[in-house]
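User: I would like to learn how to read helix packing and strand pairing in a model. Please start with the handedness of a crossing.

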Amino acid sequence: MSTNILLTDFDAVLADLDGVVYAGPAAIPGAIEALNGLAARNVKLAYVTNNASRTPAQVAAHLRELGAPAEDGQVVSSAQAGAALLAKKFPAGTKVLVTGSTALAQEVQGLGMSVVDSAHEAPEVVIQGFDPSLGWADLAEATYAINAGAVWIATNTDMTIPRERGIAPGNGTLVAAVRAAVGHDPLVAGKPEAPLFHTAASRLQVLAPLVVGDRLDTDILGGNNAGMATALVLTGVDSGDSALRARSAERPHFIIADLGELYAPYPEVTFHAGILTCGAAAARVVVDQSGRQGVQIAGRADDLNAWRVACAAWWRAVPEAAQSTDPFLDWCVELP
């Protein structure tokens with residue numbers, strides 16, 4: 001195992017928020033301490049979030065209340081990305097129906113757009129972002145406007161969001177409801193598109209950032225799309241099992257239990273005679289009697305190294321997967 005900590009090769013951390021730093025209003029255990037330790041190692045920090053329900057200033061204030069280091073400019077949100085996409089495609093003065101939070105409306109108004117309240121006002125654009133207070137009437141109004149010809153922009157399409165009580169529906173579920181009524185997809189501004197990550201890296205003026213997130217389909221895919229190293233942290237939505245089955249574009253470079261593992265050496269995976277080893281765990285790809293491929297794993301399901309080595313074995317065997325995969329898993333004490 002290398003003695004260098006995981007952070008050694010990186011000059012910044014671009015961290016997701018929900019499921020990485022906090023779940024609902026409460027900090028995830030150990031996250032604040034890990035974030036506060038970055039400056040001492042000359043590693044810069046930005047927060048890259050798909051949650052468009054609050055302004056960057058509100059998010060930064062919440063982070064400071066939790067004890068995390070956060071200036072307003074360190075928060076890069078999908079509301080900002082949505083507003084930037086809107087400004088790129090439409091001139092100031094364009095009528096925009098905002099289906100989302102006051103924070104999103106403020107971003108749109110800051111561009112000089114004309115925010116309207118109803119499809120009756122013939123908006124040229126509908127921009128949709130997450131707000132827990134959105135109801136049927138709001139989604140219906142957006143649908144009326146889109147069906148009347150308005151361009152539809154979504155800040156993000158996260159299907160779920162971690163809350164203090166567990167996993168809850170995210171903006172993607174609300175977008176899906178509108179999509180079912182209009183029959184087409186929106187333009188998407190935030191993760192997994194690359195610009196959000198490029199904006200964050202540019203603000204920090206860094207060249208080698210590490211993207212840390214809990215979701216494969218937004219954080220990891222987005223970081224990969226941006227050409228950055230990615231680390232899946234297992235404190236939110238996705239797991240070692242979902243990482244193993246992920247399509248190639250959503251596979252992380254690292255899998256860590258929590259942010260504290262940024263300060264630990266990352267375990268090395270070695271290969272010998274068809275078997276991969278990581279710590280006390282080992283894995284290899286096998287084929288059953290029906291011809292189906294799977295992964296035979298010597299280790300425990302509660303040992304993260306077992307998932308790391310299982311991922312390495314499967315990804316080595318299936319390097320290109322346009323869709324998620326479904327290998328069987330065979331857990332054993334040792335490989336025969």
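Analyst: A crossing is left-handed if the near helix is turned anticlockwise from the far one by less than a right angle, and right-handed if clockwise. Helices (H or I, at least four residues) and strands (E, at least two) are DSSP runs, numbered from the N terminus. This is a predicted model, where local features need pLDDT of at least 70, side-chain atom pairs count only at pLDDT 80 or more, and totals for chains, interfaces and linings use all residues. Residues are numbered from 1 along each chain as its sequence is written, and side-chain values use heavy atoms, with hydrogens and water left out.

User: Which hand does the crossing of H3 and H4 have?

Analyst: H3 and H4 cross in a right-handed way. Contact means heavy atoms within 4.5 Å; Ala79, Gln80, Ala83 and Leu86 of H3 make it with Leu104, Glu107 and Val108 of H4.

User: Which way do the side chains of strand E8 point?

Analyst: In a regular strand the side chains alternate between the two faces of the sheet. In E8 (residues 125–128), Val125 and Ile127 point one way, Val126 and Gln128 the other, and all are buried (under 20% relative accessible area; exposed is over 50%, partly exposed in between, with a 1.4 Å probe and protein chains only).

User: How many bridges join E6 to E8?

Analyst: Two strands pair if DSSP finds at least two bridges between them. E6 (residues 95–99) and E8 run parallel, joined by four bridges. Four bridges also join E8 to E9 (residues 151–154), again parallel. Gln128 stands opposite Thr99 and also opposite Ala154 in E9.
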